[in-house]
Amino acid sequence: MSRYWSAVVHGLTPYVPGEQPKLPNLVKLNTNENPYGPSPQALAAMRAEVADTLRLYPDPNADRLKEAVAAHFGLTAQEVFVGNGSDEVLAHVFLALLKHERPILFPDITYSFYPVYCGLYGVAYETVPLDGQFAIRAADYARPNGGIIFPNPNAPTGRALALAEIEAIIEANPDSVVVIDEAYVDFGAESAAALVGRHANLLVVQTLSKSRSLAGLRVGFAVGNKDLIEALERVKNSFNSYPLDRIAIAGATAAILDREHFETTRQAVIASREGLTRDLTRLGFEVLPSAANFVFARHPQHDGGVLARALRERSVIVRHFKLPRIEQFLRITVGTDAQCAALTAALAAILEDVRT
Ligand SMILES: Cc1ncc(COP(=O)(O)O)c(C=O)c1O
């Protein structure tokens, strides 16, 4: 606290990201990073960019990247916005498209950055409870609102909503923008990007942090009607003209173009997720059906917080949220098969310790 702080800063409750400990030999399954490396073509493109040209500013519009994203989805570059991680894209979305008279809607259990952006930009919100199986019910979003946002698959549950349900929400809300945050979509859900041509009030946000394994590069994007994209450009150009540097533009473009690496690595993660789900179920966990690169699981006889701490003592870190409805759950990132095996072995030992 300081008397030099603005009133806005006094009122902020910032987001707390999952920790990035510097300990050796850690099985790190807490921040939904991809266990496989980025595309070799992306790495080569980035290395080539480390050159004398770094003295020049990058392309403020990142046209190359926008064109690659547009081609990927069969859209035009005017329907694409890019930013410094999808967190930055989302921040601009809150200011550009979700700040209206009425409160916006998002699920009671969801990405915990949304209420933080609301606090930063003064956006009122109401939360809509997930059902008893932790699923989003489309019908609950047919009520007056200033906008709607949720991840698909949802975080931290991992549960996906079918495209028809998403379209029902979009159609029930022609006067507000519906934002689908698809950070995890490539691991098993259907992208709403296919609906962009049909709905002027749909914005889809994606990231290269998860399925393209580039969390360290900080690149995200949005696709939607060109009027929505223009709103985001207006905010971006009132904030930072160059959110993506030359290396990021080169690496992200090559990563989008490398379809083969994307396919093989995401299929590997999906296969490991199925194995991990089976192993956790065998240990007595209830595992929510996941379409993401993480699973959300609880054990009927063991406290979530106690399990997370016991795992940590064995150098395995997972994410535990001390929040209503979900404090018995662990959110476990799908790692390599070896990392998943280390996690299940540690859990088996912990459960055994408690029994004896
Ligand atoms: C639902 C959701 N949206 C967005 C993000 C932000 O991703 P990034 O800023 O790395 O693109 C995350 C990160 O974990 C997430 O879980």
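Predicted model: local features only at pLDDT ≥ 70, side-chain atom pairs only at ≥ 80, totals over all residues.
**Exercise 1. Work out which protein atoms lie by oxygen atoms of the ligand, and how much of the ligand the protein buries.**

Step 1. A polar backbone atom of Ser86 is 2.6 Å from a ligand oxygen. For Asp87, a backbone N or O atom lies 3.0 Å from an oxygen atom of the ligand.

Step 2. Turn to a side chain. In Arg218, a side-chain N or O atom is 2.7 Å from a ligand oxygen.

Step 3. Check the cover. The ligand taken alone exposes 400 Å². The protein buries 91% of that area.

**Exercise 2. Identify the pocket that holds the ligand and describe its lining.**

Step 1. The space that the ligand takes is the largest pocket.

Step 2. Give its volume: about 850 Å³. Its lining counts 39 residues, and the closest to the pocket centre are Tyr15, Tyr111, Ser112, Arg319 and Arg331.

Step 3. Assign the elements. α4, β3 (104–107) and β4 (125–128) each give two or more residues to this lining. α4 gives the most, three residues.

Step 4. Classify the lining. It has 19 nonpolar, 11 polar and nine charged residues.

**Exercise 3. Describe the second largest pocket.**

Step 1. Its volume is about 220 Å³.

Step 2. Find the main contributor. Helix α10 (residues 304–313) provides four lining residues, the largest share.

Step 3. Pick out lining residues. Among them are Gly18, Glu19, Asn30, Arg309, Arg312 and His320. Arg319 also lines this pocket, and Arg319 is among the residues closest to the centre of the largest pocket.

**Exercise 4. How many cavities of 30 Å³ or more does the structure hold, and what lines the largest?**

Step 1. A search of the whole structure finds one. The largest cavity holds about 50 Å³ of space.

Step 2. Its lining includes Pro60, Asn61, Lys66, Phe81, Val82, Glu233 and Lys236. β2 (80–83) and α7 (226–236) each supply at least two lining residues.

Step 3. The classes are six nonpolar, one polar and three charged.

Key: Residues numbered from 1 in each chain as written. Heavy atoms only, no water. Polar contact = N/O pair within 3.5 Å; in protein donor to acceptor, adjacent residues only side chain to side chain. Areas by Shrake-Rupley, 256 points an atom, 1.4 Å probe, with all protein chains shown as cover. 1 Å grid on protein atoms, 1.4 Å probe; cavity = no way out; pocket = protein on both sides within 12 Å on 5 of 7 lines; lining within 4 Å. Sits in = over half its atoms within 2 Å of the grid points. Points joined across faces, edges and corners; volume = space filled by probe spheres on them. Nonpolar A, V, L, I, M, F, W, Y, C, P; charged D, E, K, R; others polar.
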